[in-house]
Amino acid sequence: MGFDGFFFGRLDYQDKRNRENEREMEQVWRASANLPEPSADLFTGVLPNGYNPPRMLCWDMLCSDEPIKDDKNLDEYNVDQIVFYFNQTAYKQATHYRTNHIIMTMGSDFHFQDANMWYKNLDKLIKHVNAAQETGSNVNVLYSTPSCYLYELNRANLTWSVKSDDFFPYADGPHQFWTGYFTSRPALKRYERLSNNFLQVCNQLEVLAAADSRSGPYGVGDSSVLRKAMAVAQHHDAVSGTEKQHVANDYAKKLARGWEQCEVLVSNALSSLSGMKQNFIFCDQLNISVCHGIEELSKFTVTLYNPLARAVSVYVRIPVNGTDYTVHDPRAGLVPNQVVAVSNFTKLLRKDRGYAVNELVFQTRTLALGFSTYSVTRKPDSPVLSRMTRSLRRHKHPRRTGLTIENQYIRVTFDAHTGLISGIENLLKNLSLPVTQSFHWYTASTGDKVSSQPSGAYIFRPKQEQPMAKNVKTYTVQTDLFQEVYQNFSAWCSQVVRLYKDQQFVELEWTVGPIPDGDGIGKEVISRFDTSLKTEGIFYTDSNGREILTRRRDYRPTWKLEQTEPVAGNYFPVNSRIYMKDSKMQLTVLTDRSQGGSSIKDGSLELMVHRRLLRDDNRGVGEALSEPGYDGKGLVVRGKHLVFLDTVNASAELHRLQAQAEYMAPWTVMAQGTGTAYSSRPKHIAEFSALKEELPPNVHLLTLAQWDSQSFLIRLEHQFEMGESSVYSKPITVDLANLFSTFKIISVEEMSLGFNQRKEDVSRLKWRTGPEKDSVKSASSRKDSSKHEVVLNPMEIRTFRVRIQYL
């Protein structure tokens, strides 16, 4: 980004105490083990008071501290006391920092509502503190900025220590771990991730279809509405789930308005690129088998746009009321399909929102950075087929024998007595792992005599843990395309264990809620995997969907932890994956949204999927985290976990590519009938790719977007770490000049990651951290051979401003 420094206030109270004692409040944070030093180094300072002023020195409408009264005729004259107090505060703070420069933040949440009050007192403070230098004081105070302060630290020319781990988890007291927000508001977390998926689709199609996307047969489309809504939704009280309910509703409403504008743009673009004007239908409730306008049709199309720069194959599930359909691919070939009844689990969710009784399921393949259109025709319903469809959902599993589902890659076994998963096998690698997967919930603390701290939107403070059910009811669906086991854990928790043909992972589609609150107990629900793996307290989580961090139970790499919360104190953010391994096997779980996760005991992984609490945790929300949901009775959440079992050496090649495919999933658009010719193209195109050839698997097209009328933004990302894969953890070269099929790149200029500076203009402060390491610097020795040929090293992201000419 070109940043010189980073200042923050919230770190664990034990960590802060240790840093103050060791004078390590400021250091260099080495944020990547993969990028050459010092490119990922960031000077990082811990602020002394969070982002607040020192105690007794707050002058605003929200403060009650005494103002500075410097008229000596006043009985309340207090300059001497305040100057003495300020100097003592400065001396004490200086003992924790290494230079003779210290920083004091002035202001806080909702402050400077009366700026005159603040600055009037600050002016007096500066005047009188500096005047005390005439009587021997060595404290000089001045208005400054973080940049000025950072510059003076750099001028001190000290050698700084280096930190390479992160600052999670964070606690501000012995029983106050801020690890609940990793999961809070799980539906909004999923909606935001889907919104980013759609925004990237919208951005890309705006480039590929040019002006035709912004103004066309469907009206005027605008990607900026969703882009701005997504930007606002990155606020730390938005995606974290720590806002009030009405604010969460407003974030969702802004995102929905952005979707509406992008739907117009996408419709225009697809019509322009395909040469066919269609009555497009965007089905945003497919996860509950609802797609109004499609269910009763005898003929419709399904178009999938793939935002990845490599071809993907996915299964689609379309809600229908027919029992027999013909599906053709873009080249008019017949596609095997299956019609199955909508599950009872889903019917309970839909209430009055959908009426389809069946789902049409088939496999699709979509080209890189392009679309594929499939045509669907309903056949006359057959009474025999209708009975067969219904019977698929009625195959109950007798408990006397164990149940097994499998495809060519994986076998999943279920316990004959409990109905729970009991094992997973990788058939190609001859790996077998006993696994029990089940749902549990923690009783949330409401505050007690020992501590008044309850669980809330921020805080996770569990009291007891109990299983959702020891035995579950199951029934199965077995087809040529997929096999499913439906598990009913309780009236408010169910799951489908699914294996599709040709897929190398187990799909767990869970539905949780509404969490009951009539018993006066808050509940925090987890999905847990218990195995025989010997993990020795070690597990792994991702950082922002990219690099993998090693986690160790009851341990912090840079300070001695006094563990006070054995569950909450071991929870970490899981943005995309969590895994554990031994010397031979690795069990990896991918998530479809950010969640909290941990390994509370060896061989065990857990992910928190939902939480409903009855108390506020006193961190500023001012209300309990008890989402009302669609009908006011409580929020129901549906999501997916994808489970991989493979060797340790081969696992990254699976979870890296699949995680990206989930994050940038193909976007499905329906259309009534077959459409009519659109004048911008001479003939209908049912299959399209904007690339001359797809990118290698280790390269991801992170961004393709229009910047202004003359330039476009391209970001390329290497998505493997060093040493992760013998095949993909290597530098790779991409030729931008011969990449795209719809336009030609005529100029390339490399920019900073944030696109606000030319790369050649980025000049960062240099910090001394010890002896140089030439061996690390050699990782970036491979250079671009031309402006159009781009070399990407492991975990590197490069950003370019390009000018193009459409073909």
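Strands β28 and β29 form a hairpin, with three residues between them. The model described here is predicted. Strand β29 (residues 585-591) is largely enclosed by the rest of the structure, because seven of its seven residues are buried. Elsewhere, the structure holds six cavities of 30 Å³ or more and 37 aromatic pairs.

**Strand β29 and its partners**

- Strand β28 (residues 577-581) pairs with β29 in the antiparallel sense, over five bridges.
- Within this pairing, Met580 stands opposite Leu587 in β29.
- Strand β32 (residues 637-647) also runs antiparallel to β29, and seven bridges join the two.
- Here Val589 stands opposite Val643 in β32.
- In a regular strand, side chains alternate between the two faces of the sheet.
- Both faces of β29 are covered. Met585, Leu587, Val589 and Thr591 are buried on one side, and Gln586, Thr588 and Leu590 are buried on the other.

**An open sheet of four strands**

- Four strands form an open sheet with mixed pairing, in the order β1-β3-β2-β4.
- The edges are β1 (5-8) and β4 (162-163); each has a single partner strand, so one side of each is left without a neighbour in the sheet.
- The partner of β1 is strand β3 (residues 41-46), and the two pair in the parallel sense over four bridges.
- Gly5 stands opposite Phe43 in β3.

**Cavities and a pocket**

- Rolling a probe the size of a water molecule over the atoms shows where empty space is left.
- The largest cavity holds about 60 Å³ of space.
- Its lining includes Asp12, Asp15, Lys163, Asp165 and Asp166, as well as Phe167, Phe168 and Pro169. Arg556, Pro557, Thr558 and Trp559 also line the largest cavity.
- By class, the lining of the largest cavity has six charged, five nonpolar and one polar residues.
- The second largest pocket holds about 950 Å³ of space.
- That pocket is lined by 29 residues, and the closest to its centre are Ile102, Ile103, Met104, Val141 and Leu142.
- Helices α2 (79-94), α3 (115-131) and α4 (146-155) each supply at least two residues of the lining of the second largest pocket.
- The lining of the second largest pocket has 20 nonpolar, eight polar and one charged residues.

**Aromatic rings**

- A pair of aromatic rings is described by the distance of the centres and the angle of the planes.
- Among the 37 aromatic pairs is that of Phe112 and Tyr119, which counts as tilted because the centres are 5.7 Å apart and the planes are at 45°.
- Phe112 is partly exposed at 31% relative accessibility, and Tyr119 is partly exposed with a relative accessible area of 41%.
- Phe198 and Trp667 form a stacked pair, at 4.6 Å centre to centre with 10° between the planes.
- The pair of Phe198 and Trp667 links distant parts of the chain, 469 residues apart. Phe198 is in helix α5 (residues 186-209) and Trp667 is in strand β33 (residues 667-677).
- Both Phe198 and Trp667 are buried.
- One aromatic cluster is formed by Trp59, Phe112, Trp118, Tyr119 and Tyr143.

**Charges over ring faces**

- Lys277 lies over the face of Tyr218, at 5.2 Å from the ring centre.
- Arg317 lies over the face of Phe482, at 4.9 Å from the ring centre.

**Backbone details in loops**

- The peptide bond from Glu37 to Pro38 is cis, with omega near 0°. Pro38 is in the loop between β2 (26-30) and β3.
- Gly513 and Pro514 are also joined by a cis peptide bond, with omega about -5°. Pro514 is in the loop between β23 (506-512) and β24 (523-531).
- Arg185 is not a glycine, yet has a positive phi of about 55°. Arg185 lies in the loop between β4 and α5, and is buried because its relative accessible area, 3%, is under 20%.
- Ala332 has a positive phi, near 70°, and is a residue other than glycine. Ala332 lies in the loop between β10 (325-328) and β11 (337-341), and is exposed because its relative accessible area, 56%, is over 50%.

Note on methods. Residues numbered from 1 in each chain as written. Predicted model: local features only at pLDDT ≥ 70, side-chain atom pairs only at ≥ 80, totals over all residues. Heavy atoms only, no water. 1 Å grid on protein atoms, 1.4 Å probe; cavity = no way out; pocket = protein on both sides within 12 Å on 5 of 7 lines; lining within 4 Å. Points joined across faces, edges and corners; volume = space filled by probe spheres on them. Nonpolar A, V, L, I, M, F, W, Y, C, P; charged D, E, K, R; others polar. Buried < 20%, exposed > 50% of the residue type's maximum accessible area, 1.4 Å probe, protein only. Pairing = 2+ DSSP bridges. Phe/Tyr/Trp six-rings, centres within 6.5 Å; stacked < 30°, edge-to-face > 60°. Lys NZ or Arg CZ within 6 Å of the ring centre and 35° of its normal.
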